[in-house]
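The sequence and the model are shown below.

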Amino acid sequence: QRRSCQQDERAVPGVHGLEAGQQQPGCRSPTSAEPCEKPTEEEALESGPRTVSRRYLSSLKNKLSSGAWRKSYQPRTCPGSGTQEPEEKKIVRELLETEQAYVTRLHLLDQVFFQELLKEARGSKAFPEDVVRLIFSNISSIYQFHSQFFLPELQRRLDDWTTTPRIGDVIQKLAPFLKMYSEYVKNFERAIELLATWTDKSPPFQEVITRIQSSEASASLTLQHHMLEPVQRIPRYELLLKEYVQKLPGQAPDLADAQKALDMIFSAAQHSNAAITEMERLQELWDVYQRLGLEDDIVDPSNTLLREGPVLKISFRRSGPMERYLFLFNNMLLYCVPRVIQVGAHFQVRTRIDVAGMKVRELTDAEFPHSFLVSGKQRTLELRARSQEEMISWLQACQDAIDQIEKRNETFKAAVQSPEGDPQEQELQSEELGLRAPQWVRDKMVTMCMRCQEPFNALTRRRHHCRACGYVVCARCSDYRAELKYDANRPNRVCLDCYTFLTGNVLPEEKEDKRRGILEKGAVAGSEQSLICSFLQLLGDKWGKSGSRGWCVIPRDDPLVLYVYAAPQDMRAHTSIPLLGYQVTAGPQADPRVFQLQQSGQLYTFKAESEELKGRWVKAMERAASGWSPGGPADKDLSD
């Protein structure tokens with residue numbers, strides 16, 4: 001009576017797999033295997049073979065992890081109960097009674113459901129025997145353990161309580177065997193899915209289950225609910241044993257053993273909880289693999305998905321970014337394209353980048369904010385996130401994966417990351433040339449070959465990328481092929497300089513570079529070491545075919561000359577203006593952003609993007625026109 005009236009309080013809050021209105025499977029009277037209250041036939045039908053889901057398992061895991069449900073409570077006594085048993089003995093008696101009910105449930109699973117289904121499979125051949133064994137996993141071992149060892153030991157100790165008032169030592173000996181529940185828990189979700197599949201697929205399979213479920217021994221509960229009992233059992237042991245420890249007197253001989261047994265039971269509960277976590281991880285991994293089309297070189301159960309999400313890919317040739325999708329695992333980054341027709345696979349894998357050897361850093365690009373660089377052995381990508389927070393999250397996730405790889409492989413030493421985008425990061429270091437994919441210079445950032453400085457055009461001098469250094473070069477300067485290790489030693493188009501470095505071949509004298517001309521001052525170098533640099537509108541007929549917009553630079557190492565480039569990455573300026581002696585004047589009153597350079601009939605007209613930028617340019621040009629040279633860092637406010 002006491003155990004029956006306390007059943008609701010004994011129920012573990014983290015276990016809620018049954019529908020509302022149904023009784024817990026373990027709620028039985030001490031003398032009978034019948035439930036305290038049978039559900040109606042309608043309720044039993046509603047709890048069909050699909051009621052237990054991964055969502056439930058996730059909820060169960062969270063509840064078990066929180067530890068809140070393990071708090072003790074003050075037990076009540078039923079009216080009319082006059083027993084004078086010690087509190088600790090009452091708990092042991094309750095442990096024994098619930099164990100008896102649990103063994104009855106295990107008997108139903110192993111000796112009735114399992115054996116009857118095996119018998120039907122062997123006789124009718126309507127469904128495979130292996131399916132039955134997969135559904136019930138190691139339930140036979142669990143049943144034998146509890147019925148032949150654990151329950152008899154508990155019964156003997158309670159019978160001999162007067163002479164041996166202790167159970168801690170018994171549970172210590174048996175607790176390690178409880179870890180075999182991990183196999184059952186790992187298989188639980190798969191078993192439920194197989195049960196649902198074959199119930200729909202095979203009428204003989206369904207007939208056996210329906211017949212047993214309608215029997216008195218099953219108490220009109222579904223097979224799924226009976227199968228849930230082993231998942232719930234270990235947390236209930238911990239609950240009762242913890243209360244037993246709390247009720248023991250301070251000098252009780254069983255106190256030390258009981259506390260140690262409680263720790264072991266807790267370890268077994270954590271082991272079961274870890275199995276649930278692992279099962280969820282594998283299920284999530286399988287879902288991802290299905291979305292990727294189950295490609296053989298990607299599917300690996302040892303992988304861990306760290307992050308996934310959409311990004312924008314910054315194109316080297318197109319003006320706008322393109323939608324892409326990333327999957328970051330512990331050992332690889334998958335760069336994917338969403339499929340237009342998402343039947344089966346949702347994404348097509350374009351590139352796999354190994355985390356080992358990968359680098360990530362933020363890009364400072366005014367045109368594409370929230371952008372970052374992923375540089376790997378197989379490929380280098382410029383990507384753009386939707387916000388600054390998302391970009392930081394991607395960088396952190398990638399860096400964490402890189403750090404984990406480095407910890408597991410102490411011999412691998414990653415190159416020092418350059419968070420500010422230093423020149424040695426922008427331009428691939430010579431010792432890495434050919435070993436990892438370079439960062440390609442975008443087509444629109446240059447108007448001339450970055451090796452010979454000849455201007456590009458659509459017909460006779462088209463743009464090509466060197467696969468070793470990433471420079472934009474013409475066909476003549478990239479008419480060489482060299483084997484690149486990051487591309488499985490396949491021959492790739494490379495520029496003249498990279499060909500010489502990678503192969504060691506000396507070129508004929510007629511192919512050597514010409515001497516640098518007065519205009520051959522790289523815009524990149526000028527921008528990094530400049531007094532001021534920015535785009536300016538070039539107004540008037542003075543500029544000829546050079547265009548209406550130019551990248552203007554006054555270098556620190558040549559502070560009296562203005563260089564005008566067609567693009568920021570060009571290696572040669574199309575115009576240079578010695579500023580000494582020029583007058584800087586304001587332009588027409590109609591537009592305050594216009595200013596002019598004038599000297600002896602020479603007139604150059606510029607237009608800045610803002611009045612503030614115009615003011616900085618006017619100040620810099622006036623200083624240069626007067627012969628001023630920078631003497632220290634005090635003039636850095638002119639730089640853009």
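## Contact of helix 9 with helix 11

In this predicted model, helix 9 meets helix 11 through Tyr181, Tyr184, Val185, Phe188, Ala191, Ile192 and Leu195. On the side of helix 11, the residues they meet are Leu223, Gln224, Met227, Leu228, Pro230, Val231, Arg233 and Ile234. Of the residues in this contact, 13 are nonpolar, one is polar and one is charged.

## Geometry of the helix pair

Two packed helices are described by the angle between their axes and the distance between the axes. For helix 9 (residues 181-201) and helix 11 (residues 223-247), the angle is about 160 degrees and the axes lie 10 Å apart. Angles over 145 degrees count as roughly antiparallel, so helix 9 is roughly antiparallel to helix 11. The crossing of helix 9 and helix 11 is left-handed.

An open sheet is formed by seven strands, with antiparallel pairing, in the order 15-14-13-12-18-17-16. Strand 15 (575-578) and strand 16 (583-586) are the edge strands, each pairing on one side only. From one strand to the next, the twist averages 35 degrees.

Within the sheet, strand 17 (residues 594-599) and strand 18 (residues 602-607) run antiparallel and are joined by six bridges. Phe606 in strand 18 stands opposite Phe595.

## Helix 17 on the sheet

Helix 17 (residues 611-625) packs on the sheet. The strands touched by helix 17 are strand 12 (530-539), strand 13 (549-555), strand 14 (561-565), strand 16, strand 17 and strand 18. The direction of helix 17 makes about 115 degrees with that of strand 12.

Conventions
Residues numbered from 1 in each chain as written. Predicted model: local features only at pLDDT ≥ 70, side-chain atom pairs only at ≥ 80, totals over all residues. Heavy atoms only, no water. Pairing = 2+ DSSP bridges. Helix = DSSP H or I, 4+ residues; strand = E, 2+ residues; numbered from the N terminus. Axes fitted to C-alpha atoms, helices over the stretch in contact; angles between N-to-C directions. Contact = heavy atoms within 4.5 Å. Parallel < 35°, antiparallel > 145°, perpendicular 65-115°, else oblique. Left-handed = near helix turned anticlockwise from the far one by under 90°. Nonpolar A, V, L, I, M, F, W, Y, C, P; charged D, E, K, R; others polar.
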